[in-house]
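Here is a short briefing to read beside the model. Please keep the sequence and the 3D view open as you go.

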Amino acid sequence: MEFHGGGSGGVVVSGSNVPAFLTKLWTLIEDPDTDPLICWSPNGNSFHVFDQGQFSKEVLPKYFKHNNMTSFVRQLNMYGFRKVVHIEQGGLVKPEKDDMEFQHPYFIRGQEPLLENIKRKVTNVSNVKHEDLKMSSDDVSKILTNVQNIKGKQETIDSQIIAMKHENETLWREVASLRQKHVQQQKVVNKLIQFLVTLVQSNRVLGMKRKIPLMLNDSSSAHSMPKYSRQYSLEHLQASLQASSSISVTPAPTTPTEQKCLSLACLDK
């Protein structure tokens with residue numbers, strides 16, 4: 001690993017196995033001119049960034065060709081740097097001067113050779129260990145068996161759904177037929193009810209027509225009788241007989257036949 005002077009009089013670290021971002025970061029922290037904005041911590045195990053706005057405007061463009069603080073922090077995370085959070089007496093310490101602290105196990109002041117151990121995080125499939133991808137034949141057979149079982153259950157469910165669909169269509173057809181029959185039966189019932197109502201009303205009118213002439217005959221029979229056919233009272237008849245003759249009159253008859261005979265005898269006289 002070689003060291004040579006940087007743009008601001010600091011030390012630049014160069015090495016075949018050290019990424020450019022790490023060499024620039026090391027040079028940036030080692031530069032005494034940038035200490036007001038970025039510097040080592042007192043113990044040298046981490047570094048601080050003060051006043052993020054001024055740091056991103058004045059320092060980042062000189063070393064990283066951008067002024068985006070978010071991109072700078074993202075790159076730190078990609079190389080395994082961790083943001084340090086201080087906890088004292090159960091509460092978070094409020095950072096002074098917009099302070100952010102980062103640390104990495106291999107990024108230590110005075111330990112430049114450790115920079116070769118810092119690697120960028122890669123999530124490509126090619127970097128996954130081959131042992132992690134190995135699967136036993138038993139696991140593969142179990143997975144295939146489970147897939148076959150799921151497929152069989154799915155086919156059974158599909159057939160049940162189709163059967164239920166056919167049954168549903170049949171039920172709907174039966175319901176439509178029953179509704180039609182119900183409407184027809186209702187029409188027949190309504191006609192029967194109308195016929196019975198008409199029949200009852202006609203019987204009532206006919207009965208009244210038959211009753212009225214009978215009542216008229218009964219009432220006119222007494223008025224249509226001639227005057228001579230009306231019966232006199234027995235008391236008047238007895239008095240007249242006594243006046244016409246001195247023969248004593250027998251008591252008035254009590255039966256209807258006797259009354260009729262007496263009336264005829266009077267008329268003959």
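Helices (H or I, at least four residues) and strands (E, at least two) are DSSP runs, numbered from the N terminus. This is a predicted model, in which local features need pLDDT of at least 70, side-chain atom pairs count only at pLDDT 80 or more, and totals for chains, interfaces and linings use all residues. Residues are numbered from 1 along each chain as its sequence is written, and side-chain values use heavy atoms, with hydrogens and water left out.

**The chain as a whole**
- The chain holds eight helices and eight strands.
- Of its 269 residues, 18% count as buried (under 20% relative accessible area; exposed is over 50% and partly exposed in between, with a 1.4 Å probe and protein chains only).
- Contacts (heavy atoms within 4.5 Å) between residues at least 6 apart in sequence join residues at least 24 apart in 50% of cases.

**The annotated span**
- UniProt, in an unreviewed entry, places the feature "domain: HSF-type DNA-binding" at residues 60-84; UniProt positions follow the numbering used here, feature names are shortened, and annotations may be inferred rather than shown by experiment.
- Residues 60-84 are 60% helix and 8% strand, and the end C-alpha atoms of the span lie 21 Å apart.

**Helix α4**
- Met69, Phe72, Val73 and Leu76 are the buried residues of helix α4 (residues 69-78).
- These four sit on the same side of α4, because they cover an arc of only 95° around the axis (the arc is that of the directions from the helix axis to the C-beta atoms).
- An α-helix has 3.6 residues a turn, so residues three or four places apart point the same way.
- Packed against the buried residues of α4 are α1 (20-30), β4 (46-49), α2 (52-58), α3 (60-64) and β8 (100-103).
- Asn77 also lies in helix α4, and counts as partly exposed at 38% relative accessibility.

**Two loop residues with positive phi**
- Most residues other than glycine have a negative phi.
- Asp51, in the loop between β4 and α2, is not a glycine, yet has a positive phi of about 50°.
- Asp51 counts as partly exposed, at 33% relative accessibility.
- Lys65, in the loop between α3 and α4, has a positive phi near 60°.
- At 76% relative accessibility, Lys65 counts as exposed.

**Helix α6**
- Ile193 is placed in helix α6 (residues 137-223).
- With 46% relative accessibility, Ile193 counts as partly exposed.
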